[in-house]
Amino acid sequence: MTELINKANKCLLCKNPRCKQNCPINTEIPAIINLYKEGKIKEAGEILFNNNPLSAICSIVCPHENQCLGNCIKGVKGEPVEFYKIEKEISIEFLKNGKIKATNKNDKKIAVVGSGPAGLTTSIELIKRGYDVTVFEKNEKLGGILRYGIPEFRLPRAIIDNLINLLKESGVKFKVNTSIGQIITIDKLFEDGYDAIFIGTGTWNPKRLNIKGETLGNSHYAIDYLRSPKKYGLGKKVIVIGAGNVAIDAARSAKYYGAEDVYIAYRRDFSDMTATKAEIADALKENIKFLTYKAPVEINENGIVLMDTKKSIEKDGNISEIKFKNSENLFECDSILIAISQIPRNTIISNNKSLKADEKGLIIIDSKGNTSREGVFSSGDVTHGPKTVIEAVVSSKAVANSIDNYLKSK
């Protein structure tokens, strides 16, 4: 507590705070810090939660170096104020004791498909407006990518559980082990009296490398591995292909659960990696080794063949790689984890022809979150591909407003 107060005291309480301006959800950072210094934790927690229902989670998983931390004026000539650490303490405390303030109930029912960041945010925003919300989750536990895609050593499950308990106490209903698409269709939901439907099912199908040997027993997709890492026997030496946050999480998990030597292979250099700088730094601290300018060629029973690459910047500014054909070498290892992005599962689309998707399988929406079917809305990764948690929160808050306006106009 004393350490965080000292951090709060460093804040200049800028009149035009760059930290707030560069926060995707415009968190009132100076105001929160002021309340924290005055000991008004409850009031600060309410402001944070009402602005960002996933504030406790974002305080841990946001790319802070690109947002509040990286834009603090104190960081120009010294150490920036680590607001996210203050936000974490306030927000976690709120989840333990706070309540969702709702208006009087109306007679409108909303079906929310998916309990990840998009689904949880939409549920909170709509329950606050008096709607009757039911969340459908295909897994046995709630939280979506928060639970099944982010390692527990990074995001403690108690935080997710406390958030969901807050929703349950406010009246949100949850149906687990319930898939929407084939048996329970969009038509069926409307027939059963739901006035609007929100789809926030994320991107759970891994993208393939499309190289020989990808289905061998020593090859796994990182997004699948992260669902239940304790059940995998990866062996002593593991290599991860890719350098996004999923790749780093998979590499750190492999190390955490017993692998002795863990490597990350990437076709470019550190400057091009999509993982946050903080995640990369944590991986380096944990002695995870990076192999840059390496592209996968083929997987066999002994490991993976890698080829040397070189970054090339085209005339139009696009970046590509030059591959050196005679540079193939076998990287011997026990297991390979593939993490080169994800795409949506198409169960809902394939069984509900009125919903349109693009060539990547992403649900097509307009600027307000409307899908091609009236009364059905969507946001989050299933519409834009894998993004950050805070981006899902921002888009889902906007879509919740669209649902509210749509139902009020009927």
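How are α1 and α3 oriented to each other? In this predicted model, the axes of helix α1 (residues 2–9) and helix α3 (residues 29–37) come within 10 Å and cross at roughly 135°. Angles over 145 degrees would count as roughly antiparallel and 65 to 115 as roughly perpendicular, and α1 and α3 are therefore oblique to each other. The crossing of α1 past α3 is left-handed.

Let's look at who meets whom here. On the α1 side, the contact uses Leu4, Ile5, Ala8 and Asn9, while α3 brings Ile33, Tyr36 and Lys37. By class, these contact residues comprise five nonpolar, one polar and one charged.

Now for the cavities. Searching the whole structure turns up four cavities of 30 Å³ or more. The table sets out two of them.

| Cavity | Volume | Lining residues | Lining by class |
|---|---|---|---|
| Largest cavity | About 140 Å³ | 17 residues | 14 nonpolar, one polar, two charged |
| Second largest cavity | About 110 Å³ | 15 residues | nine nonpolar, five polar, one charged |

In the second largest cavity, the residues nearest the centre are Cys23, Thr27, Cys62, Gln67 and Glu87. Here α5 (55–61) and α6 (83–97) each contribute at least two residues to the lining.

How values were computed:
Residues numbered from 1 in each chain as written. Predicted model: local features only at pLDDT ≥ 70, side-chain atom pairs only at ≥ 80, totals over all residues. Heavy atoms only, no water. Axes fitted to C-alpha atoms, helices over the stretch in contact; angles between N-to-C directions. Helix = DSSP H or I, 4+ residues; strand = E, 2+ residues; numbered from the N terminus. Parallel < 35°, antiparallel > 145°, perpendicular 65-115°, else oblique. Left-handed = near helix turned anticlockwise from the far one by under 90°. Contact = heavy atoms within 4.5 Å. Nonpolar A, V, L, I, M, F, W, Y, C, P; charged D, E, K, R; others polar. 1 Å grid on protein atoms, 1.4 Å probe; cavity = no way out; pocket = protein on both sides within 12 Å on 5 of 7 lines; lining within 4 Å. Points joined across faces, edges and corners; volume = space filled by probe spheres on them.
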